[in-house]
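Morning, everyone. Please bring up the structure on your screens. I'll walk through a few of its parts.

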Amino acid sequence: MNYNRYIDNRNKPLIDYIIKNKFCIKVIHSHKGTWTFHLKGSLIVIGVKQSKYPISCFTHELLHAEIQIRGYKKLKYGKSSLFPNADLVTIMDALDQELQHHKMFQRFIELGFPSNEFYHDNDIEVLSKLDKFLKNGHHDLLSVLLRYFTVIAPGGAIESERLDFYKEQLKTINNNAFRERLNVIDEIFIQWTKSESLDAESYIKNYFNNIGRPSKTWFGYGTPNEFPNNGFFVDEVFSL
Ligand SMILES: [Zn+2]
C-alpha cells in the first residue's frame, strides 16, 4: 500500500531519517483494534486503521521506528520470580510502550502535531474501563500497575485534570496500599522524560525493584536462548 497520503511536511523529516538509515516501510491494513507497528531487521511494518487524523496516527508509528533506530532497545523477552510468565509479558510490554511514548511525545509536539492526536481516535474509552475497574475490579498490585500506565500516558484526548483524578483514585485503593510505589513510578517517568539518554535499563531496574525485591528478574532484547547475554538482570543474578 502506498503511504503518500500519510505524509505531509510535518512528518517528512521522519520519513527521510528512516530511509537515510536504510529501513523500508511497508503499510498494511491493521487487523487489530488499533494502529500497529512492527520492526524486523530493516523492515518497518505499520498497520493502519480508519482515523479522523490518519497523518498523526501514522506519525506516532513512525516515531516508534525513529526511537528504536536512534538506540532505544525494545524489551522482547523476560523471566521473573515476581509474576507468572503471561503476566510478566503483559507488564513488560506495557512498560516498554510507555517508556517509548514518553520520549516520542516530545518529538510529536516538536514536529508540530497537536497533543490530543497522539493516540488513535478512541483513547477516551479508557475512562469507562477505569471506572469499571475502580468499582468492581480485583485490586491486586499487578492490575493496579497496569491501569496506572493508562493514567500516566503523555498526550491524548483526555484532559490532564481528569487523568490526575484517576491517578489519585488508583493511589487510594486498598487504603493507599500502593501509593508509595505509584509515587516512585511517577518519579521514574519524570526522570526518564528529562534524560537525554535512550538507554532505559536503569529505569526498568528501578521500576521492577520498586514492585518487589529481592527478585530473580531478567529481560532480553532478543530470543530466550540468548539468556543471559543479550539482556540484563534487574536484581539478583541467577542461572536457569
Ligand atoms: Zn505507540
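Start with strand β5, residues 217–220. Thr217 and Phe219 point one way, Trp218 and Gly220 the other, and all are buried. Buried means 20 or more other C-beta atoms within 10 Å of the residue's own, with C-beta atoms placed from the backbone.

Some ground rules. This is a predicted model: local features need pLDDT of at least 70, side-chain atom pairs count only at pLDDT 80 or more, and totals for chains, interfaces and linings use all residues. Numbering starts from 1 along each chain, as its sequence is written. Strands are DSSP runs of E, at least two residues; helices are runs of H or I, at least four; both are numbered from the N terminus.

Who are the neighbours of β5? Two strands pair if DSSP finds at least two bridges between them. Strand β4, residues 77–80, pairs with β5 in the antiparallel sense, over four bridges. There, Gly78 has Phe219 as its bridge partner. Strand β6, residues 231–233, also pairs with β5 in the antiparallel sense, over three bridges.

Now the open sheet. Three strands, in the order β1-β3-β2, with mixed pairing. β1 (24–29) and β2 (36–40) stand at the edges with a single partner strand each, so one side of each has no neighbour in the sheet. On average, neighbouring strands here are turned by 20° against each other, direction ignored. β1 and strand β3, residues 43–48, run parallel, joined by six bridges. Cys24 stands opposite Leu43 in β3. Helix α2, residues 54–70, packs on this sheet and touches β2 and β3. Its direction makes about 155° with that of β3. Axes are lines fitted to C-alpha atoms, for helices over the stretch in contact, and angles run from 0 to 180 degrees between N-to-C directions.

Last, a helix pair. Which way do α3 and α5 run? The axes of helix α3 (residues 85–110) and helix α5 (residues 141–152) come within 10 Å and cross at roughly 25°. So α3 and α5 are roughly parallel to each other, a term for angles under 35 degrees.

Who meets whom? Contact means C-beta atoms, placed from the backbone, within 7 Å. From α3 come Asp87, Thr90, Ile91, Ala94 and Glu98; they meet Leu142, Leu145, Leu146 and Phe149 in α5.

That's the tour. Thanks.

How values were computed
Buried ≥ 20, exposed ≤ 12 C-beta atoms within 10 Å, placed from the backbone. Parallel < 35°, antiparallel > 145°, perpendicular 65-115°, else oblique. Contact = placed C-beta atoms within 7 Å.
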